[in-house]
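Please look over the sequence and the three-dimensional view before reading on.

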Amino acid sequence: MNSPASEWKQWLAENGPRLLLFARGWSNSRHDAEDLVQEAILRMWNFQADKGGAPPDLPLVFSTIRFCGLNHHRSESRRRKREESVIYLNDFQDVWLDPVLEEDEEAMILRDAVQNLSQKLREVVVMKFWGGLTFAQISETLAISPNTAASRYRYALEQLAHELRRIKEERHASA
């Protein structure tokens, strides 16, 4: 009788190339495909340990590779969206906080009004308006409910509108 380790070794020698070929369809490179196969094999190893440690059925491993590939694509696309939001926000901040724009009085007034919001309100406004995030994404990021994120956004917009009206009235009163 063979030991479970030698059974797995033989099973991997027989099935490894076809698993790698299948994983290539779920990845962008050979290295990513190898990572998917490794992740699937590790999951199977742990799953099969409860069942005597024998190698798994091949269809189950294909299904696990597919599952791991889907997870990988989801997390990559979320990561890419987060990075794009941060890049966009940073690009904007470079312009938004650029001293050259201080010649534009309205931009300065708006920037100061946003900066004067409380941190909780300011971060929601920045993530929503300049970061382009949804309330669901903001709620995940800040560990608050989507309704709280939306309420903070509305409250911040009300405060900004009130502040801008006040400044406009002051300007017209002094003119």
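## The chain as a whole

Helices here are DSSP runs of H or I with at least four residues, and they are numbered from the N terminus. Read along the sequence in these terms, the chain follows the pattern α-α-α-α-α-α-α, and its secondary structure comes to seven helices and zero strands. The model is a predicted one, which should be kept in mind throughout.

Of the 175 residues of the chain, 29% count as buried. The accessible surface comes to about 11,900 Å², and 54% of this area belongs to carbon and sulfur atoms. Among the contacts in the chain with a separation of 6 or more, 57% are made by residues 24 or more positions apart.

## Confidence in the model

The mean pLDDT of the chain is 82, and 87% of its residues reach 70 or more. Confidence is highest in helix α2 (residues 30-49), at a mean of 91, and lowest in helix α3 (residues 58-96), at a mean of 75. Over residues 92-102 the pLDDT stays under 50, and for this stretch the model has twelve contacts beyond four places in sequence.

## Val61 in helix α3

Is Val61 buried or exposed? Val61, which lies in helix α3, counts as buried because its relative accessibility is 1%, whereas the cut-off for buried is under 20%.

Leaving aside residues up to four places away in sequence, Val61 touches Trp11, Leu19, Ile41, Met44 and Pro56. The C-alpha atoms of Val61 and Val37 are separated by 8.7 Å, although these two residues are 24 residues apart along the chain.

## Where α6 meets α7

Two packed helices are described by the angle between their axes and by the distance between the axes. The axes of α6 and helix α7 (residues 146-174) come within 8 Å and cross at roughly 105 degrees. An angle of 65 to 115 degrees counts as roughly perpendicular, and α6 and α7 are therefore roughly perpendicular to each other.

Which residues of the two helices meet? On the α6 side they are Phe135, Ala136, Ile138 and Ser139, and on the α7 side they are Pro146, Ala149, Ala150 and Tyr153. Sorted by class, this contact of α6 with α7 has seven nonpolar residues, one polar residue and no charged residues.

Ser139 has its place in helix α6 (residues 135-142), and with a relative accessible area of 8% Ser139 is buried. When residues up to four places away in sequence are not counted, Ser139 touches Ile144, Ser145, Pro146 and Ala149; of these, Pro146 and Ala149 are among the α7 residues named in the contact between the two helices.

Ala143 is found in the loop between α6 and α7. Why does Ala143 count as exposed? Ala143 counts as exposed because its relative accessibility is 70%, and the cut-off for exposed is over 50%.

Methods: Residues are numbered from 1 along each chain as its sequence is written. This is a predicted model: local features need pLDDT of at least 70, side-chain atom pairs count only at pLDDT 80 or more; totals for chains, interfaces and linings use all residues. Side-chain values use heavy atoms; hydrogens and water are left out. Buried means under 20% relative accessible area, exposed over 50%, partly exposed in between (1.4 Å probe, protein chains only). Contact means heavy atoms within 4.5 Å. Axes are lines fitted to C-alpha atoms, for helices over the stretch in contact, and angles run from 0 to 180 degrees between N-to-C directions. Angles under 35 degrees count as roughly parallel, over 145 as roughly antiparallel, 65 to 115 as roughly perpendicular and the rest as oblique. Ala, Val, Leu, Ile, Met, Phe, Trp, Tyr, Cys and Pro count as nonpolar, Asp, Glu, Lys and Arg as charged, and the others, Gly among them, as polar. Accessible areas come from the Shrake-Rupley method with a 1.4 Å probe; for residues, only the protein chains shown count as cover. pLDDT is the predictor's confidence in each residue, from 0 to 100.
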